[in-house]
Amino acid sequence: MLGAWERGLRRGRLLFAGGPVRHTRGVSGKGVAPWGDSLRGRVSDRLRPEWLCPVVAGAVAVLGGSVLPLLVGVLAVPFLGRRLRAAAAARDRLARADAVIALCGAVAAELRAGKQPGEALLAAGRGSGALGAAGAAVLAAAQFGGDVPEALRRAAREPGAGGLRGAAACWRVSVDGGAGLAAGLEGLEGALRAERDQRAGLRAELAGARSTVLVLALLPVGGLLLGTALGADPLWTLLHTPAGLCCLLAGGVLESAGFFWAARIVRAGEDV
């Protein structure tokens, strides 16, 4: 049964996309993958970095003799998870934008080498991360004479792949008006590369603000370590005295307000 399913998958990929066959997790050409690989995959999917918050908070709770840090650590899990997922999505957008630039340059080079547009897109698009989930549809349209500009516009809906709209426009103009597709793609590659360099320069200028946010987030930890080094017991004072609890509440509110304010300034600078 697994062999028949694999042959059907290989036939469908070769017929509709012309791409290589990728084995799904848990299934290989020789049968089912070892149970250890699938177990490691499930464990790695479940053990996310944000779950370190309850672990660290539990250690602080043991040192301070209070359950309050543990509750705060548990409540911080969804917020940290959302932040980490947003950062991962931003990295994926940047990687896909770089892949779009590379795809435009590769297609233009294939066209300069004498290939037809469909053949050039097939040669450059296989294995490229620029097309995303719509890659099979784009390659199928290029291979069988379909509506390539429409397929590119659908692929441009992926985060970070907005440059494919320009590629679709170049393809449409070259087909309808007879303009040179290679020249258009080279111009698009230059424009996308200049935009990427501008964003990279802006991120470099905002590095100081990011460092300020990081220092602001680590200041309370430094204060606790300094108090412990001086022979005091700041955790006991903060967690077991009324004055300490008031200071902890006020400090937490001010720290959160300063952190979100600085982070908002950084995001506003990135959006310019």
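Before counting, I settled the terms: helices are DSSP runs of H or I with at least four residues, and strands are E runs of at least two. I also noted that this is a predicted model.

**Entry 1, the overall layout.** I counted 12 helices and 2 strands in the protein chain. Reading along the sequence, I got α-β-β-α-α-α-α-α-α-α-α-α-α-α. Of the 272 residues, 29% count as buried. I then looked at contacts with a separation of 6 or more, and 53% of them join residues 24 or more positions apart. The accessible surface came to about 17,200 Å², with 66% of that belonging to carbon and sulfur atoms.

I went to the largest nonpolar core, which has 35 residues. Val107, Leu152, Leu164 and Leu185 have the most contacts inside it. At least two residues of this core come from each of α4, α5, α6, α7, α8 and α9. I found that α4 (68-112) gives the most, with 8 residues. Which residues does Leu185 touch, not counting those up to four places away in sequence? I listed Cys104, Val107, Ala108, Leu111, Ala167 and Cys170.

I checked the length of α10, residues 207-229: at 1.5 Å a residue its 23 residues should span 33 Å, and the end C-alpha atoms are 31 Å apart, which agrees. I did find a bend of about 40° at Leu218, with a proline, Pro220, following within four residues. After α10 I came to Gly231, whose phi is positive, near 95°.

Methods: Residues are numbered from 1 along each chain as its sequence is written. This is a predicted model: local features need pLDDT of at least 70, side-chain atom pairs count only at pLDDT 80 or more; totals for chains, interfaces and linings use all residues. Side-chain values use heavy atoms; hydrogens and water are left out. The expected span of a helix is 1.5 Å times one less than its number of residues. The bend at a residue is the angle between axes fitted to the seven residues ending there and the seven starting there. A nonpolar core is a set of buried Ala, Val, Leu, Ile, Met, Phe, Trp, Tyr and Cys residues joined through side-chain atoms within 4.5 Å. Buried means under 20% relative accessible area, exposed over 50%, partly exposed in between (1.4 Å probe, protein chains only). Contact means heavy atoms within 4.5 Å. Accessible areas come from the Shrake-Rupley method with a 1.4 Å probe; for residues, only the protein chains shown count as cover.
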